[in-house]
Amino acid sequence: MSALIDPLKLTERYASGAPVPIFDIVREAGLDLSFIPLDDNISGWIEKAPGGRYKVAINLNHAPVRRRFTAAHELGHYIYHRDLLGTGSGDTRAYRSEGTQFPNAAIQQIHERQANSFAANLLMPRKAIGVLRNQGVDSVSEMARRFEVSTDAMRIRLGLPK
């Protein structure tokens, strides 16, 4: 992938399969990806490394579904907010940069929501959800299992109450 990534083309490229290979996508985007143990309240971060390359760190102690969402969320920051990242931006469990080693006042709640929305669209593509429904898969937990996301994330994606 090029330095400028078209998020619509990216999500369309992976629209019909489950699970979406998010860690491969992050690497294809040219980001260095590492999994490291972090405090439980820190999900991960994206930082600009010397030479201009970006690194994404994911909390190894979090559940696999959480690690996948965090990777997609950080990719969303890279795609949409690169000009705001400066040296980086961290994310807590609530996807806020305050309280991390990379607090970033330029990244506002609207940016976090945009990164979350991007992550949901990429990891749980509407087209792939439709394919599963056409195959008779209606269970939220089964869909979550197939997409390798949390049941809460799948419920939100489907517009269902908790």
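Predicted model: local features only at pLDDT ≥ 70, side-chain atom pairs only at ≥ 80, totals over all residues.
Close-up 1. Helices here are DSSP runs of H or I with at least four residues, numbered from the N terminus. Residues are numbered from 1 along each chain as its sequence is written, and local features need pLDDT of at least 70, while side-chain atom pairs count only at pLDDT 80 or more, and totals for chains, interfaces and linings use all residues. Side-chain values use heavy atoms, with hydrogens and water left out.

**Close-up 2. The crossing of helices α3 and α4.** The axes of α3 (residues 64–85) and α4 (residues 109–123) come within 8 Å and cross at roughly 130 degrees, where axes are lines fitted to C-alpha atoms, for helices over the stretch in contact, and angles run from 0 to 180 degrees between N-to-C directions. Contact (heavy atoms within 4.5 Å) involves residues including Phe69 and Leu84 of α3 and His111 and Phe118 of α4.

**Close-up 3. Buried residues of helix α4.** Among the buried residues of α4 are Glu112, Ala115 and Leu123, buried meaning under 20% relative accessible area, exposed over 50% and partly exposed in between (1.4 Å probe, protein chains only).

**Close-up 4. Glu142 in helix α6.** Glu142 lies in α6 (residues 140–147) and, at 23% relative accessibility, counts as partly exposed. Glu142 and Leu132 are 10 residues apart in sequence and 9.7 Å apart in space, C-alpha to C-alpha.

Conventions: Helix = DSSP H or I, 4+ residues; strand = E, 2+ residues; numbered from the N terminus.
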